[in-house]
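Subject: Structure for you to look over

Hello,

Here is the structure I said I would pass on. My notes follow below it.

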Amino acid sequence: MLPCLLLPVLAVGLVRAHADEPHACAPLPLAVMDNATVDGLLGHWVYIMGASNYPPHVAEMKELKYATFTFLPGSHDDEFSVTETLRLNETCVVKNASKILIFRHNSTLMHVEGQEASMAELIKTDKELLVMKHSKESYLGLSLSARTPNVSKEHLEAFRAQLRCLGFTQEETFVTSPKDACPPEGKEKDEATLATAEE
């Protein structure tokens, strides 16, 4: 789950694709995956929000209270290693067994964790934001992450407007809260609530 929780945090929110997608929706231009763009993805990100009407991911996102993830250089130029910290209800989980494969020709990122893989297109946006268009079978969705938990009202409203245009309802939109952030690793007061997941 990089929140599918990364991909919720990358395969976050999925909405059924409609052939008659509203024409009034602003287009989502793909980012140009040059060296500068790829290098700009490295580092720490905070998962802000996503939307879904795909039942398995709705169930996952209802549990996801907060998530951060870090892209680190992988074994080659088009691969990232990923570390995720998730709060699922009252439990913090640290995951560091997944990777991101970069496909520059179509601006796509593939999140690979064990035998599971999820695809997401990188949308062109502000360098401090990470907007992903997710795909799985006949479902689509959007997620928003940022360098910090503090995203401007303008950016949030633009993202919410895109979700509404694509047909997501308020009930299908999930927002995380900084108050639910996990404490730094090793500083969890109740160690029973901290789990480490490695595969």
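Over residues 189-199 of this predicted model, pLDDT (the predictor's confidence in each residue, from 0 to 100) stays under 50. For that stretch the model has 21 contacts beyond four places in sequence, a contact being heavy atoms within 4.5 Å. The chain as a whole averages a pLDDT of 83, and 80% of the residues score at least 70. Residues 7-23 are also below 50, and this stretch has 83 contacts in the model beyond near neighbours in sequence. Where pLDDT is low, the predicted coordinates should not be read in detail.

On conventions: residues are numbered from 1 along each chain as its sequence is written, and side-chain values use heavy atoms, with hydrogens and water left out. As the model is predicted, local features need pLDDT of at least 70 and side-chain atom pairs count only at pLDDT 80 or more, while totals for chains, interfaces and linings use all residues.

Arg 147

Arg 147 is placed in the loop between strand 9 (139-146) and helix 3 (153-165); helices (H or I, at least four residues) and strands (E, at least two) are DSSP runs, numbered from the N terminus. Its charged end sits over the ring of Trp 45, 3.8 Å from the ring centre. The criterion is NZ of Lys or CZ of Arg within 6 Å of the ring centre and within 35 degrees of the ring normal.

The side chain of Arg 147 also reaches the backbone oxygen of Gly 40 at 2.5 Å, and one of its polar atoms lies 3.0 Å from the backbone oxygen of Leu 42. Leaving aside neighbours within four places in sequence, the contacts of Arg 147 include Leu 41, Gly 43, His 44, Val 46 and Lys 127. Glu 128 is 19 residues away in sequence, with 5.6 Å from C-alpha to C-alpha.

Aromatic rings

A search of the whole structure finds two aromatic pairs. Rings of Phe, Tyr and Trp (its six-membered ring) pair if their centres lie within 6.5 Å; planes under 30 degrees apart count as stacked, over 60 as edge-to-face and the rest as tilted. Phe 69 and Phe 71 make a tilted pair, at 5.3 Å centre to centre and 55° between the planes. Phe 71 and Phe 80 are stacked, because their centres are 5.3 Å apart and their planes are at 25°.

Regards

Terms used
A polar contact is a pair of N or O atoms within 3.5 Å; within protein, one must be able to donate a hydrogen and the other to accept it, and residues adjacent in sequence count only if both atoms are side-chain atoms.
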